[in-house]
Amino acid sequence: MSAADPRTPAYPIDPLFTDRWSPRAFDGGAIAPETLMTLLEAARWAPSAYNIQPWRFVYALRDTAQWDALLATLIPFNRGWAAGAAALVYILSDRVVRDADGAVKGESYSHSFDAGAAWAMLALQAVRSGLFAHGMTGFDVDAARAAMAVPEDFRIEAAIAIGRIGDPATLAEGLRAREVPSGRTPLDRLVSDGVFSA
């Protein structure tokens, strides 16, 4: 990473990873249902422990009956900018392991980890599709659970706003300067050889 460009990787990686970022300014346009299904199809192919695939998705496309209900579950700060997105998706994870007929076998250790892998796949496919996805945990959990009729066995992991990048001038003044891709903590501060190091 260089001071001149915080999106320069320290080691060679596919540009897809640095092209992905989380904008808040969306253009307010719609996307076709098939476009969203392409992103969700990519998420479906994420790895998971024992191939359990604990993730589930609940979505609303803008200008549909479900849009206002899902948008209303976001905290006001996120609702303000996410209103310009083309789609909202909630990613959920099943907290339990089930047998083939759905009976509970036990608790899942990695349900959140696995759902995170699915989110990453979705976000990367968004970039490949000319879109961007912004994940967020700023939502009212109880309101979201009620609006989507989510069973208690499922954890609501995150909400995701998806759309095409818009003009940062549409954002509240305090957000406009922040509407740039961010850098990352240097790798040598995140990785340790054999023994954990903070």
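1. Helices (H or I, at least four residues) and strands (E, at least two) are DSSP runs, numbered from the N terminus. Tyrosine 50, for instance, lies in the loop between H2 and E1. The model is a predicted one, in which local features need pLDDT of at least 70 and side-chain atom pairs count only at pLDDT 80 or more, whereas totals for chains, interfaces and linings use all residues. Residues are numbered from 1 along each chain as its sequence is written, and side-chain values use heavy atoms, with hydrogens and water left out.

2. Tyrosine 50 has a positive phi of about 55 degrees although it is not a glycine. Most residues other than glycine have a negative phi. With 78% relative accessibility, tyrosine 50 counts as exposed; here exposed means over 50% relative accessible area, buried under 20%, and partly exposed in between (1.4 Å probe, protein chains only).

3. Alanine 149 is another non-glycine residue with a positive phi of about 55 degrees. Its place is the loop between H6 and E6. At 63% relative accessibility, alanine 149 counts as exposed.

4. The largest nonpolar core has 29 residues, of which Leu74, Leu88 and Tyr90 touch the most other members. A nonpolar core is a set of buried Ala, Val, Leu, Ile, Met, Phe, Trp, Tyr and Cys residues joined through side-chain atoms within 4.5 Å. Two or more residues of this core come from each of helix H3 (67-71), helix H4 (76-82), strand E2 (87-94), helix H5 (111-128), strand E5 (132-136), helix H6 (141-148) and strand E6 (154-163). E6 gives the most, with 4 residues. Apart from this core lies another, of 21 residues, including Trp55, Leu61, Ile91 and Leu122.

5. Leaving aside neighbours within four places in sequence, leucine 74 is in contact (heavy atoms within 4.5 Å) with Arg79, Ala82, Leu88, Tyr90, Met136, Gly138, Phe139 and Ala159.

6. In H6, the buried residues are Ala144, Arg145 and Met148. Seen down the helix axis, these buried residues fall within an arc of 100 degrees, so they line one face of H6; the arc is that of the directions from the helix axis to the C-beta atoms. Asp142 and Ala146, on the other side of H6, are exposed. The cover over the buried residues of H6 includes strand E1 (55-61), H3, E2 and E6.

7. The largest pocket holds about 470 Å³ of space. On a 1 Å grid over the protein atoms alone, a pocket is an open set of points where a 1.4 Å probe fits, with protein on both sides within 12 Å along at least five of seven lines, and lining residues have an atom within 4 Å of a point. Its volume is the space filled by probe spheres set on the points, which are joined across faces, edges and corners. The pocket has 18 lining residues, of which Pro9, Ala10, Ile13, Arg184 and Thr185 lie nearest its centre. By class, the lining has 10 nonpolar, 5 polar and 3 charged residues. In this classification, Ala, Val, Leu, Ile, Met, Phe, Trp, Tyr, Cys and Pro count as nonpolar, Asp, Glu, Lys and Arg as charged, and the others, Gly among them, as polar.

8. Arginine 7 is found in the segment before H1 and is buried, with a relative accessible area of 14%. Not counting residues up to four places away in sequence, arginine 7 touches Phe17, Thr18, Asp19, Arg20, Trp21, Pro181, Ser182 and Arg184. Arginine 7 and glutamine 66 are 59 residues apart in sequence and 36 Å apart in space, C-alpha to C-alpha.

9. Aspartate 5 lies in the segment before helix H1 (15-19) and, at 35% relative accessibility, counts as partly exposed. Between aspartate 5 and glycine 183, 178 residues apart in sequence, the C-alpha to C-alpha separation is 8.2 Å. Serine 182, in the segment after helix H7 (173-176), is partly exposed, with a relative accessible area of 41%.

10. Glycine 28 is placed in the loop between H1 and helix H2 (33-44). At 32% relative accessibility, glycine 28 counts as partly exposed. Glycine 28 touches Arg62 and Gly84, not counting residues up to four places away in sequence. Glycine 28 and arginine 164 are 136 residues apart in sequence, and their C-alpha atoms are 8.0 Å apart in space.
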